[in-house]
Amino acid sequence: VIFSKEPLNLTNKHTRKQSGLVNEQAISIQPGTERGVVLITKTSHEKNGNKPAALFNKVELKKHNRKVYGAIVNSTTKHYYRPDLRQDAVSRASAILYSQRAKKPTPEKKPRGSKAKKAA
């Protein structure tokens, strides 16, 4: 497997299907500023080919997880915008949101067996 580092590649695999440079329509999911994710889609290359700043449509999604997944599906697959990348986009958003959660402290281990009898 050859990996890719381009920003519009959801799975970071070097394939034509996943490439954001080759395809007219591409999706990217990036971490948000504080929490949440940013959904980036490519706009029409014919219209904005010479305007690099206008080539991408960015939407920040900060709601809870299921609302974020629904917004990704509604804005891409339900509008016939690369429905083949739906699962990859949702799984990447899920991984980013999971990494942004606060970690719970590990509870102190209870003594078992003879150590528990000594402690009591």
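Strands (E, at least two residues) and helices (H or I, at least four) are DSSP runs, numbered from the N terminus. Is Thr 41 buried or exposed? With a relative accessibility of 11%, Thr 41 counts as buried; the cut-offs are under 20% relative accessible area for buried, over 50% for exposed and partly exposed in between, with a 1.4 Å probe and protein chains only.

Which residues does Thr 41 touch, leaving aside its neighbours within four places in sequence? They are Ala 26, Ile 27, Leu 55, Phe 56, Asn 57 and Tyr 81, where contact means heavy atoms within 4.5 Å.

Strand S2 covers residues 37-42, and it pairs in the antiparallel sense with strand S1, residues 27-31, over 5 bridges. Two strands pair if DSSP finds at least two bridges between them.

## The loop between H2 and H3

Next, follow the chain to the loop between helix H2 (65-75) and helix H3 (86-100), which is where Tyr 80 is placed. Tyr 80 is not a glycine, yet it has a positive phi of about 55°. Its relative accessible area is 71%, so Tyr 80 is exposed.

Arg 82 is in the loop between H2 and H3 too, and it also has a positive phi, of about 50°, without being a glycine. Arg 82 is buried, because its relative accessible area is 11%.

## Charges and rings

How many salt bridges does the structure hold? There is 1, counting a side-chain nitrogen of Lys or Arg within 4 Å of a carboxyl oxygen of Asp or Glu. Its partners are Arg 82 and Asp 84, whose side chains meet at 3.1 Å, N to O. Asp 84 has 37% relative accessibility and therefore counts as partly exposed.

For another charged side chain, look at Lys 103: its charged end sits over the ring of Tyr 98, 4.9 Å from the ring centre. A charge sits over a ring if NZ of Lys or CZ of Arg is within 6 Å of the ring centre and within 35 degrees of the ring normal.

## The chain as a whole

What does the chain contain in total? It has 4 helices and 3 strands, and along the sequence they follow the pattern β-β-α-β-α-α-α. The C-alpha trace spans about 75 × 35 × 25 Å along its principal axes. The radius of gyration of the chain is 21 Å, whereas a compact globule of 120 residues would have one near 14 Å; this radius is taken over C-alpha atoms, and the globule rule is 2.2 Å times the number of residues to the power 0.38.

Of the 120 residues, 32% count as buried. Among contacts with a separation of 6 or more, 39% come from residues 24 or more positions apart.

## How to read the values

Residues are numbered from 1 along each chain as its sequence is written, and side-chain values use heavy atoms, with hydrogens and water left out. In this predicted model, local features need pLDDT of at least 70 and side-chain atom pairs count only at pLDDT 80 or more, while totals for chains, interfaces and linings use all residues.
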